[in-house]
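Please keep the sequence and the structure in view while reading.

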Amino acid sequence: MKLELRKISIKDLKLGSEMKLQDGVLTIDPQAVIDELMEDVNVKNVKVDIARPGEKTRIIPVKDVIEPRVKIEGPGNGFAGVTADMEQLGSGKVNVLDGAAVVTIGDIVGFQEGVIDMWGEGARWTPFSTTYNIVVDIEPVEGLDPHTHERTVRLAGLRAAQVIGEAGRDGEPDKIEVYELGNIFEETAKYPDLPKVVYVEMLISQGLLHDGYVYGVNSQQFLPTLIHPNEELDGAVISGNCVAACDKITTYQHQNNSTILDLYAQHGKTINFLGVVLTPELTTLAGKFRTCDYTAKLCKGLGAEGVIVSEEGYGNPDSDLLMICKRLEDSGIKTVLITDECSGWGGDSQPLADTTPEAVAVVSTGNVSHVVNLPPADKVLGNDRAIATLAGGWEGCLEEDGTIKCELNAVIGSTSEIGYHYLSVEEY
Amino acid sequence: MKYKVLYYVNQFFGQVGGEEKAGVKPEFVRKMVGPAMGFNGLLEDKAEVVGTLICGDNYFNENKQEALDYILGVIKEEAPDIVVAGPAFNAGRYGMACAGLANAVIDELGIPVVSGMYMENPGLEECRAKAYVVETGDSAGGMREALPKMAALTLKLLSGQELGKPEEDGYLAQGRRLTIFVEKRGSQRAVDMLLARFRGEEFKTELPMPVFDKVAPAPAIKDLSKATIALVTSGGMVPLGNPDRIQSASAQKWGRYDIDKNVALMGDYCTIHGGFDPVYANEIPDRVAPLDILRDYEKEGKIGGVYKYFYTTTGTGTSVANAVKFGQEIGKELKDAGVDGVILTST
Amino acid sequence: MVKEIERYGIPIVHMATITTISVSVGANRIVPTIAIPYPVGDPSLGEAAEHDLREKLVRRALEGLVTEVEEVTLF
């Protein structure tokens, strides 16, 4: 499978009367986005705004972040099985509006959303302060049940990214990245001496605002499954969740999954990267046992000698993470885990909800309860009063002048457990 | 002006005597005794040892309160800028005394304490969260190495500079897990760690597995039909409107609500828990905290009664330290109220 | 929380779905429950069946409270 990501660097972003990409400057026609999204009868109102890196702008409450792209060659333009016809993703040529992102905002059930600050202190904590953000505020019609409401907002964001991605159809790429991986027999024949590595990506699968989707299938509904890394890079996996904002995997992060990219970079050099196993994190104990057994079985069946497991969320999924680790290590597979931790405001509490002696190699991507102070913004896109009701905020954490004191919990992507950001934890 | 250091040693290093003198009461002398002397010589004229407290190890451990009363009295009087204890090496009772003193001095007087101990000294776990402890050898032979490290740490603390990483400034980690920025993103670090494992190279986990302590099971209820049962949940069930504004994740508090008149939670309660799909719990809150069934059992006389208050908080992302605090506070109320048994539900 | 309440000498039963966590952190009396979003219920059942299920789970919890245990025990 061969996928070409043709990256057109976005150097500026503005609003205008037509959708256009010229010399790296992306112009957004808000009406074009609004018209597209209003096609959905469940959408009542759409607002489109922009936020550039460095501007004193706060975006809140963020639902998802999506990279705008257009496939110019090969099957499956858009999110197959979700907003586009079902196609086999993972091959062809894709024009990527590199450095641009669609950010969806709007209330769903009153909590579980995130904040992005485009400048200063807050900008350090989120990877989405450095993207040129097209902020889409989606207001659905009244009376929708929460699950339909969530679905409406989720699909609207993906469709907005598709409409905007079209602007790059004729663009000239600044760089072309090629991702190619044959079947495991071919790759193993090419690199017989390199250790075989599988990436296990856990997906939260726990109901409203807590589900991931693969080709539109809710991750609650499948057994752990093998997927070609290109499929994920091509938009097969999308976020339907908010979990806590800090460690939810946004759709953008699936499209640019850093663990996949870093494993790809070593493929053929130091490792033989076999593929990705997507593993649901379920809400029943039997479900957890089943998925953990199944995940380990897939890794063993593929002949993996090493596995990286990334978690999504915290709390009960810590148990899945460690059960998978135990099963892999017990079968002699060297396992590295990526997780964040809940060590309390002072960092002096137990970092995980569960424990197992087999977990000897763990990357920590930060303490979700680390408290940050975010100075007042000049401009708020969305509603900054939402901070009081989102995970990581509390009543009174928004001061009158607009300063926010909150946990990293509330900051989108800050403690990304696919290792997308640059935080760690050190014991003092 | 020089900073004032007060030094603590046991009977042996205080040159009172060996094991036969381990029962001596604490005594304060306004001069440098034993290691205090060598330590003072390392303070570069920036600080000086103003006196030495000497106490028998057995006396301290068997009469802790009396020993501390005297010791804290002296320290209050002398008002040093810092207290230095030991090094205790692998001497358990000496280490426990240094730790007991350190915790009391830090908690009650707010004065920092530096000590030195061998990794396996039981005193280390007692005080490492608060005191600055230098790692030493297991016997007094390590004195020559320990004192300069303790002195350097003391001087840095006195200078008011923020301490760096444990390995940089030579103290044992106090167990505070702080979030930091690093050069490589998490996924790169994971790949590097895996490669190190393949090559058989050394690697360092960024998250050593937590250790949870155990509690002995409480005795069972003898007669259920006379027992008052309390209902507690970490499922974020609160009266509609969340009057106490309990957090949806990483809870900082718990709530107590009068359920004396409720036959069930349904109708009056909802969940604010941010960690799961709330639709089902909001439909029937008793799916999370089964008050309805407990009321049935109460009516049938199977249980004596349901305690009049219902306790609730949010479990998701809540630190164990907070959970411990909530448990202590709620447990105390339940104990004082004479509750006989507790059902705690988690989501 | 479970352990801290138990420290006061009050018997406590933990009704939890992910009992692996409950065991790891050190609860002594545990009743395995249905699912995280509805530990003592099941929306897929009818009203009567769900009530019956909940009653059985609570009965097990009470059984746990009247049973002497030496170590972690699932009821």
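S10(B) pairs with strand S12 (residues 305-312) of chain B in the antiparallel sense, over four bridges; two strands count as paired if DSSP finds at least two bridges between them. Within this pairing, B:Tyr257 has B:Phe310 of S12(B) as its bridge partner. Helices (H or I, at least four residues) and strands (E, at least two) are DSSP runs numbered from the N terminus.

This is a predicted model, in which local features need pLDDT of at least 70 and side-chain atom pairs count only at pLDDT 80 or more, while totals for chains, interfaces and linings use all residues. Residues are numbered from 1 along each chain as its sequence is written, chains are lettered from A and ligands numbered from 1 in the order in which they are written, and side-chain values use heavy atoms, with hydrogens and water left out.

S10(B) and S12(B) belong to an open sheet of seven strands with mixed pairing, in the order S10(B)-S12(B)-S8(B)-S13(B)-S1(C)-S2(C)-S3(C). Its edge strands, each pairing on one side only, are strand S10 (255-258) of chain B and strand S3 (73-74) of chain C. Chain C has three helices and three strands, which follow the pattern α-β-α-β-α-β along the sequence. The C-alpha trace of chain C spans about 40 × 25 × 15 Å along its principal axes.

The size of an interface is often given as the accessible area lost when the parts come together. In the table, contact means heavy atoms within 4.5 Å, and buried area is the accessible area (1.4 Å probe) that two parts lose on being put together, summed over both.

| Interface | Residues in contact | Buried area | Share on carbon and sulfur atoms |
|---|---|---|---|
| Chain B and chain A | 58 residues from chain B, 79 residues from chain A | about 5800 Å² | 61% |
| Chain C and chain A | 11 residues from chain C, 14 residues from chain A | about 860 Å² | 67% |

Side chains of opposite charge can pair when their charged atoms come close. A salt bridge is a side-chain nitrogen of Lys or Arg within 4 Å of a carboxyl oxygen of Asp or Glu. Between chain B and chain A there are five salt bridges. A:Glu329 forms a salt bridge with B:Arg197, with the closest N and O atoms 2.7 Å apart.

Which elements of chain B give two or more residues to the side that touches chain A? They are strand S7 (177-181), helix H8 (186-199), helix H9 (279-283) and helix H11 (320-336) of chain B. H8(B) provides the largest share of that side, 12 residues. By residue type, the side of chain B that touches chain A divides into 28 nonpolar, 18 polar and 12 charged residues. Here Ala, Val, Leu, Ile, Met, Phe, Trp, Tyr, Cys and Pro count as nonpolar, Asp, Glu, Lys and Arg as charged, and the others, Gly among them, as polar.

S7(B) also pairs with strand S25 (residues 423-427) of chain A, in the antiparallel sense and over five bridges. In S7(B), B:Ile180 is the bridge partner of A:Ser424.

Between chain C and chain A the rule finds zero salt bridges. The side of chain C that touches chain A has seven nonpolar residues, four polar and no charged.

**Links within chain A**

Over all chains, the structure has 52 salt bridges. One of the pairs is A:Lys379 with A:Asp49 (3.7 Å, N to O). This pair links distant parts of the chain, with A:Lys379 in strand S23 (residues 379-382) and A:Asp49 in strand S5 (residues 43-51) of chain A, 330 residues apart.

There are 17 aromatic pairs over all chains. Rings of Phe, Tyr and Trp (its six-membered ring) pair if their centres lie within 6.5 Å; planes under 30 degrees apart count as stacked, over 60 as edge-to-face and the rest as tilted. The pair of A:Tyr179 and A:Tyr264 is tilted, because the ring centres are 4.9 Å apart and the planes stand at 55°. A:Tyr179 lies in strand S12 (residues 175-180) of chain A and A:Tyr264 in helix H7 (residues 258-266) of chain A, so the pair ties together parts 85 residues apart in sequence.

**Backbone details**

Most residues other than glycine have a negative phi, and most peptide bonds are trans. A cis peptide bond joins A:Ile60 and A:Pro61, with omega about -5°, and A:Pro61 is in strand S6 (residues 57-66) of chain A. The peptide bond from B:Gly86 to B:Pro87 is cis, with omega near 10°.
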